[in-house]
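Please open the structure in your viewer, with the sequence panel beside it, and keep a selection tool at hand. The stops below are meant to be taken in order.

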Amino acid sequence: MNDLIKVEVGGEKPMVLGRDLHAALEVQTAYKDWFPRMCEYGFTEGTDFCSFLSESTGGRPSTDHQLTIDMAKELCMVLYGIVHTMARAYDEAVTPNLDDWLDTFDAFPIFEVFGELKPLLNASLQTTKK
C-alpha cells in the first residue's frame, strides 16, 4: 500500500511532517499562514507538535512542524467536517452526525472528492455577510 503521508517512527511517538500533511490535503493557503490557524483548534507546542527549521536550499530555512498522529487525525477531521457540512447543504437526507455519516462508507475517498469541493469551499469562504 502506498502511504499518503510519510510517518516518521524514529522518536518517542510516530510523527507526521506538517508540510507533508498540508500538501496531502491540497490546502491552497500558504503553510506559514495555514498552520497557525490550525493551532487555534487548541493544539500545544511540545505536546501536539514540535517546530523546527528545515534545511535551506539556498534561501532562508523554512519552519516546519512534526505533528503527533493524533493532531494530524484531528486536522483531517476538521476537513471531513467541512465536507460533511457541504454534503448536508446539498442533500438534507445526509445524517446530522458526522461519525454516523462516515460510517455509511466502506472507504471515504476524501482525496478524490476534495478536488471537486475545493472551488465550492473557496467560494463560500470568500462570500461576505450582507
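This is a predicted model: local features need pLDDT of at least 70, side-chain atom pairs count only at pLDDT 80 or more; totals for chains, interfaces and linings use all residues.

What follows is a walk from the whole chain to the sheet, then to single residues.

**The whole chain**

The protein chain has five helices and four strands, and reading along the sequence gives the pattern β-β-α-α-β-β-α-α-α. Of the 130 residues in the protein chain, 32% are buried. Among contacts with a separation of 6 or more, 44% are between residues 24 or more positions apart.

**The sheet**

In what order do the four strands of the open sheet stand? The order is β1-β2-β4-β3, with antiparallel pairing. The edges are taken by β1 (7-8) and β3, and because each has a single partner strand, one side of each is left without a neighbour in the sheet. Strands of a sheet pair through backbone hydrogen bonds, either parallel or antiparallel.

Now zoom in on β2 (residues 15-17) and β4 (residues 63-68), which pair in the antiparallel sense over three bridges. Among the residue pairs to pick out here, Met-15 has Thr-68 as its bridge partner in β4, and Val-16 has Leu-67. Moving to β3 and β4, you will find five bridges joining these antiparallel strands, and Cys-50 of that region stands opposite Gln-66 in β4.

**Helices across the sheet**

Bring the helices back into view and select α2 (31-39), which lies across β3 and β4 and runs at about 35° to β4. Then select helix α3 (residues 69-90), which lies across β1, β2, β3 and β4, running at about 95° to β4.

Select Glu-8, which is found in strand β1. With a relative accessible area of 24%, Glu-8 is partly exposed. Which side chain does the side chain of Glu-8 meet in a polar contact? It is that of Gln-66, at 2.9 Å. Leaving aside neighbours within four places in sequence, Glu-8 is in contact with Lys-13, Pro-14, Met-15, Leu-17 and Gln-66. If you draw a distance between C-alpha atoms, Glu-8 and Ile-69 are 10.0 Å apart in space, although 61 residues separate them in sequence.

**Thr-68 and Asp-48**

Return to strand β4 and select Thr-68, which counts as buried because its relative accessibility is 8%. Not counting residues up to four places away in sequence, Thr-68 touches Lys-13, Pro-14, Met-15, Thr-47 and Asp-48.

From there, move to Asp-48, in the loop between α2 and β3 (49-53). Does Asp-48 sit buried or exposed, and which side chain of opposite charge is nearest? Asp-48 is buried yet has no salt bridge, and the nearest side chain of opposite charge, that of Lys-13, is 6.7 Å away. A salt bridge requires a side-chain nitrogen of Lys or Arg within 4 Å of a carboxyl oxygen of Asp or Glu, which is the cut-off to keep in mind here. Show the backbone as well, and you will see that the side chain of Asp-48 reaches the backbone nitrogen of Thr-44 at 2.7 Å. Beyond residues up to four places away in sequence, Asp-48 touches Gly-42, Phe-43, Gln-66, Leu-67, Thr-68 and Met-71.

**The salt bridge**

How many salt bridges does the structure hold? It holds one. To find a salt bridge, select Lys-32 and Asp-33, whose closest N and O atoms are 3.2 Å apart. Lys-32 counts as exposed at 61% relative accessibility, whereas Asp-33 is partly exposed, with a relative accessible area of 37%. Side chains of opposite charge can pair when their charged atoms come close.

**His-22**

For the last stop, select His-22 in helix α1 (residues 18-24). His-22 is buried, with a relative accessible area of 12%. Apart from neighbours within four places in sequence, His-22 is in contact with Val-27, Thr-29, Ala-30, Tyr-31 and Trp-34. A C-alpha distance drawn from His-22 to Ile-5 comes to 9.8 Å, the two residues being 17 residues apart along the chain.

Definitions and conventions
Residues are numbered from 1 along each chain as its sequence is written. Side-chain values use heavy atoms; hydrogens and water are left out. Helices (H or I, at least four residues) and strands (E, at least two) are DSSP runs, numbered from the N terminus. Buried means under 20% relative accessible area, exposed over 50%, partly exposed in between (1.4 Å probe, protein chains only). Lys and Arg count as positive and Asp and Glu as negative; His and the chain ends are not counted. A polar contact is a pair of N or O atoms within 3.5 Å; within protein, one must be able to donate a hydrogen and the other to accept it, and residues adjacent in sequence count only if both atoms are side-chain atoms. Contact means heavy atoms within 4.5 Å. Two strands pair if DSSP finds at least two bridges between them. Axes are lines fitted to C-alpha atoms, for helices over the stretch in contact, and angles run from 0 to 180 degrees between N-to-C directions.
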